[in-house]
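Hi,

Here is the structure I promised to pass on.

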Amino acid sequence: ENLKQAVALYQNLQFPQARDMFLQVISPSSPFEVTRDQRVTAYEYLGAILATSGRADSAETYFRAAIERDPFADLDPNVFTAKERGSFAQAKLKTFKVGARQLVADTLDPQTDHITISAVTTHAATLQIMVASLTDSTFFPLYSADNDGLRQVQWNGTTPRGTLVPPGQYELLVRGQSTLDPGRADSAIVYFDVTHLYE
């Protein structure tokens, strides 16, 4: 409810009041539990308010806090101004993070269907997306190349040889190496299960 009120104040250009409410949301002394997504939203709007008021360094601090918690974070051009989005883009260039979305449970026919795997790098990087079994030696890449931003890869549940992956527990391992700052790397892991269904 506080977030909704703060967003409404921002939309009505009541920036000082909106800023105070967003700060209440992320305050360590807040009596309410704040989810990661709620905290990211507050950081995005705080950064936008500061960018609009010409405080670029402070805006970058909040934008980077949002990006570090959610590498998929971005500013909607229908909500935020070009100046605010430009400041956010600068924060992305200075913050290297890799992210991977949780897989949605699905039933696939490997001959006709696929699942979409979504990964992201916050700026230009080399990216690897790999499938690794936690119970046997199955391990292979789904993607290995340069990347900048969102990367979606389709997978039908088979190995590079075209055989079905064995049933069991797996991890989707996403690794990135920044090309802007070669010394910086990051990774993310998503766990999932594979079962086989037969008629």
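Predicted model: local features only at pLDDT ≥ 70, side-chain atom pairs only at ≥ 80, totals over all residues.

Residues are numbered from 1 along each chain as its sequence is written, and side-chain values use heavy atoms, with hydrogens and water left out.

**Layout**

The protein has five helices and five strands; helices (H or I, at least four residues) and strands (E, at least two) are DSSP runs, numbered from the N terminus. Reading from the N terminus, the order is α-α-α-α-α-β-β-β-β-β. The C-alpha trace spans about 60 × 40 × 30 Å along its principal axes. Of the 199 residues, 42% are buried (under 20% relative accessible area, with exposed being over 50% and partly exposed in between, for a 1.4 Å probe and protein chains only). Taking contacts (heavy atoms within 4.5 Å) with a separation of 6 or more, 60% are between residues 24 or more positions apart.

**Cores**

The largest nonpolar core has 30 residues, and Tyr10, Phe22 and Phe63 have the most contacts inside it. By nonpolar core I mean a set of buried Ala, Val, Leu, Ile, Met, Phe, Trp, Tyr and Cys residues joined through side-chain atoms within 4.5 Å. Helices H1 (2–11), H2 (15–26), H3 (36–52), H4 (56–69) and H5 (82–94) each supply at least two residues of this core, with the largest share, nine residues, coming from H3. Apart from this core lies another, of 22 residues, among them Ala100, Leu127, Phe140 and Leu172.

Phe63 deserves a click: leaving aside neighbours within four places in sequence, its contacts include Tyr43, Ala51, Leu75 and Phe88.

**Strands S2 and S3**

Strands S2 (residues 115–133) and S3 (residues 139–155) run antiparallel and are joined by 15 bridges; two strands pair if DSSP finds at least two bridges between them. A hairpin of five residues links S2 to S3. Leu127 sits opposite Ala145 in S3.

Ile117 also lies in S2. Is Ile117 buried or exposed? It counts as buried, because its relative accessibility is 1%. Not counting residues up to four places away in sequence, Ile117 touches Leu103, Ile129, Leu142, Arg151, Gln152, Val153, Trp155 and Leu172.

**Pockets**

For these, a pocket is an open set of points on a 1 Å grid over the protein atoms alone, where a 1.4 Å probe fits, with protein on both sides within 12 Å along at least five of seven lines; lining residues have an atom within 4 Å of a point. The largest pocket holds about 620 Å³ of space, a volume being the space filled by probe spheres set on points joined across faces, edges and corners. It has 24 lining residues, with Asp106, Thr107, Leu108, Val194 and Thr195 nearest its centre. Strand S5 (residues 185–194) gives the most to this lining, five residues. By class, the lining has 15 nonpolar, six polar and three charged residues (Ala, Val, Leu, Ile, Met, Phe, Trp, Tyr, Cys and Pro count as nonpolar, Asp, Glu, Lys and Arg as charged, and the others, Gly among them, as polar).

The second largest pocket holds about 220 Å³. Its lining includes Glu1, Gln24, Phe32 and Gln38, and H1 and H2 are the elements that give two or more residues to it.

Cheers
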